[in-house]
Each structure stands twice: as C-alpha cells, then as structure tokens.
There are 2 protein chains.
Amino acid sequence: MALRLPLCFLPRPPASLVAAAATLLQRRHLASGVESQGAGAGVFCKRFVLARHFKGEPKPSDFSLVTEELPPIKDGEVLAEAEFLSLDPYMRVYVLRRPPGGTMIGGQVARVLESKSPDYKVGDHVVGDFGWRTHTVFNPEAHEHTLMRTYKLPDIGGLSPSLGLGVLGMPGNTAYFGLLEVCRPVKGETVVVSGAAGAVGSIVGQIAKIKGCRVVGFAGSDEKVKWLTEELGFDAAYNYKTTRPRDALKDGAPKGVDCYFDNVGGELSSSVINRMNYGGRVAVCGSISSYNADGLPKATIIQPAVVTNELKIEGFLVTRWNDRWGEGILQNLKWIQDGKLKYEETVTKGFENMPSALVGMLRGDNTGKAVVKV
Amino acid sequence: MALRLPLCFLPRPPASLVAAAATLLQRRHLASGVESQGAGAGVFCKRFVLARHFKGEPKPSDFSLVTEELPPIKDGEVLAEAEFLSLDPYMRVYVLRRPPGGTMIGGQVARVLESKSPDYKVGDHVVGDFGWRTHTVFNPEAHEHTLMRTYKLPDIGGLSPSLGLGVLGMPGNTAYFGLLEVCRPVKGETVVVSGAAGAVGSIVGQIAKIKGCRVVGFAGSDEKVKWLTEELGFDAAYNYKTTRPRDALKDGAPKGVDCYFDNVGGELSSSVINRMNYGGRVAVCGSISSYNADGLPKATIIQPAVVTNELKIEGFLVTRWNDRWGEGILQNLKWIQDGKLKYEETVTKGFENMPSALVGMLRGDNTGKAVVKV
C-alpha cells in the first residue's frame, strides 16, 4: 500500500498520488468516520505546508501539498473533516512569524467524523484554527497555541456552516466588536470603512447603518461599489482605484469623518485620517494594502491631524473579546434573521485551490467572505 | 509728536523709530503705569503682525512690526506689559488658520501696569495668550477666543516668572498630563521621548524617571544628548541626526518600547512605533518635523504594528486639562523644589528678535524652553 507510506513533509507529492489519496480519503471517511464512528484506523489528511516565506504576492510554489496518515484518535480526542476553509488577510502577515516547513495557518469549519470526547458528537460542526488541512485530530481539553479558540459552531438556524468563518465567526465579530467597542459610533455620525466590500468591512458598514450613522465605503471595483450602495445600504461608496479619496470624502462625508474602520492602511488611510473631525476614532483592523509589499511602504503622515483633532487610533485583535464571542455571533445572527444584515460569500471549490484563492483574496477578487469549499 | 501718529499696520517701521518708541514706552510705563496707576492716558504697544502665511521656514519678512497707541483702560480692564514671550512649535501650525493681517499668536507672561479689575493688582504676573505684543489691555471677565485661558501666575516661590511659559506653564502641563494621562506609564516600562531636549520633552523624560520608568530620548545634537543623560538622568539618549533609530532603540530599549511621547512625527516616529511592545501607548503631542514642510511629508506606515500589538495612539491638546491646570503647575513646582525636576531656558533678548527666535526654535537651536525677554 504505497499510500500508507509516511508522506508527511514530502515537498510536493505528484498530483496523481494526491488525487489517488483524495479518492481513498473520501472512501475511508464513509467507512471509518461517519458510519462506523471510531473504528480506530487512521485516515489520510491532505495539508498545505508553507515551503518558503512569501516574497511579494504569494505564489503556488510557496506551498507544498502533502498527504499523511493520521493516527487513530485517543480518549478525549476528536477527528474532524474540513468542510470550508477560511481565507483572511491576516494569514499573509502571521505566517511570517513561523519558520517554513509547518502547516499553513488558517481557520476552518469542520464536521466531526469520530469523537472520543463527551463534548462533541459525530456530525457536529467545529470552528477551529487547524490550518490548511482536510482532516484534524484535536483534543478539546488541550489548550493549543492557536490564534483562535476551537469551539462548536452554535445553532445558526439552518444557515450554511460556512458562515461560521464569516459573518457568524471571526470576521463578523471583528466588525461587531471593532466598530462598537473601538470606534464607538454615535447616531448621526459619519463612519468611513475601507476594504468595505470585504468580509469584515461589509458587516461594519451595515452595523453602522443599524446604529443610525451615515456610512461611506471604499472598495476596489465599480461592481463592489454598486453592491455596497444598492444592496447593503451604504450611503455612499467609491472605487479607490478611480476616485481620489479627497474628492470622495468631500462628496460622501460633507460633515467630515467621525469614525474610520481601517482595513487597508496606506495612503487611503492617511487621506481619511487627515480629514477627520475633532474627537474622531480610528479602529485599525488591518493594513492589507501593505501585506504584499517588500518592507513597509511610506504614506502621508497623520500626526498633525491626530494632534489638532485629538484623534484616537487603536489597533485591535478580535481575540480581545474572546470572552464575548457568542454575543457577537448571536447578535449578527439576529440581525440576519431580522433582514437587517446581508452577507455575501465568494466560494472557491476544491481544497487544492487554497493557494490561488489566497492570492485572489489578497488581490481583492472576492466580494464578502472568501472561503474554499473542500 | 510723530510717535503719536497711528502707526498700526505700517508694514515695517524704520528701526530708529521702533527704538525711539521703545524708549518712550519704557518711560511711559514708569509714568502712567506702575507709578501713577491708571492715569488713563494710552500707552504705545509694539506688536508683530503676520504679513503673509509662512512658506517653509518662517522668514523675518513674513512679519511686520507695528506700533499703536492703546486706548485708556475701562472699568474691569487691565493693562499688562510683556516681560517674557513664549516660542512654541504649535505657533507654526495654528497661525495658518487665521488670515494674514492679525497679530502673531503666542503666549506671554506680562506684568500688570494698571488695573481697573478687582482680580488684578499692579505688579501681578499674568499668563495670557495675548500674541506677539508688548502691551495688552484685557478684561478678565471676557471670554475671548484665545487658545489658552488668561490666568494669574500662581506663587512660584521666587523663581523666574518666565517659568510660567515653560515648566510651570503650558509646556510643563503638556508633559505632565500628556505623559500621565495618555501614555499612563507603569513603573519598569520603557518610555521613549522625541524632541527630548525641548520644553516639553525634557520634562516628560524626567517625570517618567520619577515614575520609575526607563527613559530613552531622541534629540538633535550631541550636546543635547549629553545634557539629557548627564544632567536630566535619562537612561539613554541619541542624536537622531547621526544615529539610526533602529540601532538606538536596540541599544537603549532592549526590552522594547511601552510608551512613546511624540513631539516630532515623521520617520523617527514610524521607527519607534514599529518597535513597540504589545499594548503600547503613544501620546502624540506634536509633529515638528513636518511643520516647515510644504504639504505633508510621507513616512513609513505604522498600521501593521498598530494592529498586531494592539497599540493606542492618541493626539491631545493640553487644553483638555484646563480644569486641572493648577494641579500640573503645582506638582511640577514641588518636583523642582524637591530637586527632582530640572529645567533649562534658552532666552533671546529683545522683543524685535521674536521672528529669529521662532526660526531658531523650529530649527531646534534651543535647549529646554525658548523664550524672548522683552
């Protein structure tokens, strides 16, 4: 059985081998996972290893797809199979902190195939920071050093479990807590969102509307701009590639900017911050404009405006609100159910397309949340 | 009496005329002010008018020195004569908000020559935002649209009244409140100060030392650096013109930077912020590096560090603590009296030298507080 060889860490297994392994995996899951629940035999897992650190835009050759057999689960452990994998801007940055050779980082929604834990049963959906892998054995009691906690996806009323990676997961909570706890918008204020058509930005703008604010978005295509204003209810939106931010803000934020939810950094952010009102608040969620840059780029300084208008700029990681995680998910779910919050997903099919989906997300090809369906 | 002609708004009176007027003024004050207290006759005031907005570094030709006769004071009013005038970086920025033709802005310590107010008596020292003028008539009850409130200099125990413009005035309070309320340093943390040898920065560093922090300063000459470490007790200081901030911080802040009190903005600030620890706080007090620039310069972006380390960057104007003004002055006075807080003044003599003193201060010629003695 060639496929039982330890394939782990092979730099790049031949495609034919991978395909064969995938077919086998599918069969195995039916056999050992869902149906027999804990037969104890290992399953094969495909995972992407970061072969080298990215330089500029990530390339498929920066990754190696490897296949390995997982050991049978032990008492207390759970085996889960990825259904949807998440693509998020932070990945481009965080992975640089780890040496090459490890599994590429990222969250996923997985379905429990086998469980020897009292907390999980077969068929449960789990949200985990398992990395780019099709199958994962985890111990819910172990506090592993992952970016996010592992948790069971709450009942989301029949909606797609993929939302656990988007509006009902990390990006939704990033929008909810970042906007409400860092920007603290007040009814009638003007809120500007950059990366407005992304997984986080599109939710930020809608929550700001729910809170009675005027909302102005910046996005990277005319199509996205149309979606923001015509579908999501943004008061104004602009294509930052074709409109000068200065002109856009004069048009869309005639009373100035009170809150800025920043996903992109760079020159656009300088423009917005330099046009903020006294007492303005900036929530810095990311700076995707710089992620593929070789070194940190330069942008117009913001300090004069920061002093004169006594601005507050605060960076945040959503993990700050780990203890209120459920609150964010349930509030966003309620708004969805009430018809007040819309979401979009850009779904790429096939686990093997993870690298190209990452590149596309970083280029802004996605509208709303970018996920890969295994 | 040629000198009684309305000389107001003359672009540049001949130096001889100015000198003659000054002599006369001196005599008049002795005659109508201090000695006779309220003779009612007007006095002559010299003042600098901003003839045109600065482009780049301010030039003497941007100002006009004019002389005018002040009307006799009315009931409730006070006549005061400037003893010391303040030179502060903010002037370079704030004056741009006003149309040319008005008196150049700035604070001063003046001595009361004549008073028809129950709150002021002859000989009192008043701190006022009167602008660049030798004599001022003001009404303590009127709430004029000045940057700072007018107030009587508290008893500072025989120290020079000029300190009311420095360590015992706006710059001292800027250091005190900005550091303690915005940076909120904790014992054992590392505090970095830019513009460290200036009126504000030199006090910031010493207060941070009083609070048990490691203090690292950046200044613009080897002499200033020596003063900071050998006289003021900074743990380390660097000449930013000859040392790369990156190397300086590696050397002086081996545990990273927790608090940054920023007076300069620009590339130095980007370097410091990009090397801050998780949870770091930045108090943005000014950005003198950009004040003479034509438009806003560019500097390395800070957003990635702001997000990853959840940094807080807050701009502030010291007027935020107007209701605690006396607290700051009295605490700094106590630290001076206890030998814990040292100060330095760079004194330029002669009211007519205000423009050149401003240019020198913006160039960083001063150590500690820059004032002009009339």
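Predicted model: local features only at pLDDT ≥ 70, side-chain atom pairs only at ≥ 80, totals over all residues.
**Stop 1: the contact of chains A and B**

Select chain A and chain B and show the residues where they touch. The contact takes 33 residues from chain A and 33 residues from chain B. Between them the two chains bury about 2800 Å², and 62% of this lies on carbon and sulfur atoms. On the side of chain B, color Ile301(B), Gln303(B) and Glu310(B): these residues lose the most area to chain A, together 21% of what that side buries.

Next, look at the charged and polar pairs. Four salt bridges are found across the interface of chain B and chain A. One to select is that of Glu310(B) with Arg320(A), where the closest N and O atoms are 2.7 Å apart. Polar contacts across the interface of chain B and chain A come to 12 residue pairs, with both residues at pLDDT 80 or more.

Now switch to a cartoon of chain B. By residue type, the side of chain B that touches chain A divides into 14 nonpolar, 11 polar and eight charged residues.

**Stop 2: the strands that pair across the chains**

Select residues 312–315 in chain A, which make up strand β14, together with β14(B). The two strands pair in the antiparallel sense over three bridges. To find one of the bridge pairs, pick Glu314(A): its bridge partner in β14(B) is Lys312(B).

**Stop 3: Thr308(B)**

Stay in chain B and select Thr308(B), which has its place in helix α8. Which residues does Thr308(B) touch, not counting residues up to four places away in sequence? They are Arg97(A), Leu317(A) and Tyr278(B). Within chain B, a polar atom of the side chain of Thr308(B) lies 2.8 Å from the backbone oxygen of Pro304(B).

**Stop 4**

Where they meet, the contact takes 18 residues from domain 1 of chain A and 14 residues from domain 2 of chain A. The two domains bury about 1200 Å² between them, 63% of it on carbon and sulfur atoms.

How many salt bridges does the rule find across the interface of domain 1 of chain A and domain 2 of chain A? The count there is zero. Polar contacts are found for five residue pairs across this interface, both residues being at pLDDT 80 or more.

On the side of domain 1 that touches domain 2, select α2 (90–94) and α10 (354–363) of chain A, the elements that give two or more residues to it. Of these residues, the largest share, four, comes from α2(A). The residues of this side of domain 1 divide into nine nonpolar, five polar and four charged.

**Stop 4: a salt bridge between distant parts of chain A**

Over all chains, a search of the whole structure finds 36 salt bridges. Zoom to one of them, formed by Lys369(A) and Asp88(A), with the closest N and O atoms 2.5 Å apart. This pair links distant parts of the chain, 281 residues apart. Lys369(A) is in strand β16 (residues 369–373) of chain A, while Asp88(A) is in the loop between β3 (78–86) and α2 of chain A.

**Stop 5: two backbone angles**

Most residues other than glycine have a negative phi. Two residues of chain A to check against this follow.

- Select Arg184(A), in the loop between α3 (170–183) and β8 (190–194) of chain A. Arg184(A) is not a glycine, yet its phi is positive, about 50 degrees.
- Select Glu310(A), in the loop between α8 (303–308) and β14 of chain A. Glu310(A) also is not a glycine and has a positive phi of about 45 degrees.

Key. Residues numbered from 1 in each chain as written. Chains lettered and ligands numbered in written order. Heavy atoms only, no water. Contact = heavy atoms within 4.5 Å. Buried area = accessible area lost by both parts, 1.4 Å probe. Salt bridge = Lys/Arg side-chain N within 4 Å of Asp/Glu carboxyl O. Polar contact = N/O pair within 3.5 Å; in protein donor to acceptor, adjacent residues only side chain to side chain. Nonpolar A, V, L, I, M, F, W, Y, C, P; charged D, E, K, R; others polar. Pairing = 2+ DSSP bridges.
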